[in-house]
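Please read them alongside the coordinates.

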Amino acid sequence: MSRPTITDVCLVTRDLDTAVQFYMDKLGFELDSRMPGFADFTGPGVVLALWDAQLIRDTTGVPAQVTEPEGHGVMIACELDSPAHIDEMYERLTARGVEFYRPPADYPWNARCVYFAGPCGEFWEFFAWYEGGKPGRPTPDAPLPA
């Protein structure tokens, strides 16, 4: 049996119109399809889709969150080419009105990162590895613990 392939990340939103405008106007996503209660975007990688919380609750019975949550429960991460691109992206998105939690910074996991809230209760991380890349990978001298 093959492993399932993740093709879409679907965010459930309480305000579809605001979310669609955020992804198009501020992050530059291109709308691929739009139906009542649904939208998705084309781009590299997986498809980003948006579902209206009340519609998915009413049509599928899934108990989607229709009230304002406290804190974030989902993070979407995008890897950029270099730490310098983090700063460039920060400047570009700030000019478009994206509000970041703080300016780009270097973190102990060997990456430069920046974080901001999306309109659907999620938050976003843009990151780039420093030389040496992702830490914590197993090596012959240091395999992962069992």
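1. Helix α2 spans residues 53-60, and D52 caps its N-terminal end: a side-chain oxygen of D52 lies 3.2 Å from the backbone nitrogen of Q54. Just after α2, G61 has a positive phi of about 85°. Helices (H or I, at least four residues) and strands (E, at least two) are DSSP runs, numbered from the N terminus.

2. On provenance: this is a predicted model, in which local features need pLDDT of at least 70 and side-chain atom pairs count only at pLDDT 80 or more, while totals for chains, interfaces and linings use all residues. Residues are numbered from 1 along each chain as its sequence is written, and side-chain values use heavy atoms, with hydrogens and water left out.

3. D40 sits in strand β3 (residues 38-42). D40 is buried but has no salt bridge; R34, the nearest side chain of opposite charge, is 9.3 Å away. Buried means under 20% relative accessible area (1.4 Å probe, protein chains only); a salt bridge is a side-chain nitrogen of Lys or Arg within 4 Å of a carboxyl oxygen of Asp or Glu. The side chain of D40 does make a polar contact with the side chain of S33, at 2.6 Å. A polar contact is a pair of N or O atoms within 3.5 Å; within protein, one must be able to donate a hydrogen and the other to accept it, and residues adjacent in sequence count only if both atoms are side-chain atoms.

4. Y101 belongs to the loop between α3 (83-95) and β6 (105-107). The side chains of Y101 and H72 are joined by a polar contact of 2.6 Å. Not counting residues up to four places away in sequence, Y101 touches H72, Y115, F116 and A117, where contact means heavy atoms within 4.5 Å.

5. The largest nonpolar core has 25 residues, and those with the most contacts inside it are Y23, L50, L93, F116, W124 and F126. The largest share of this core, five residues, comes from α1. A second, separate core of five residues includes Y107, C113, Y115 and F127. A nonpolar core is a set of buried Ala, Val, Leu, Ile, Met, Phe, Trp, Tyr and Cys residues joined through side-chain atoms within 4.5 Å.

Methods
Buried means under 20% relative accessible area, exposed over 50%, partly exposed in between (1.4 Å probe, protein chains only). Lys and Arg count as positive and Asp and Glu as negative; His and the chain ends are not counted.
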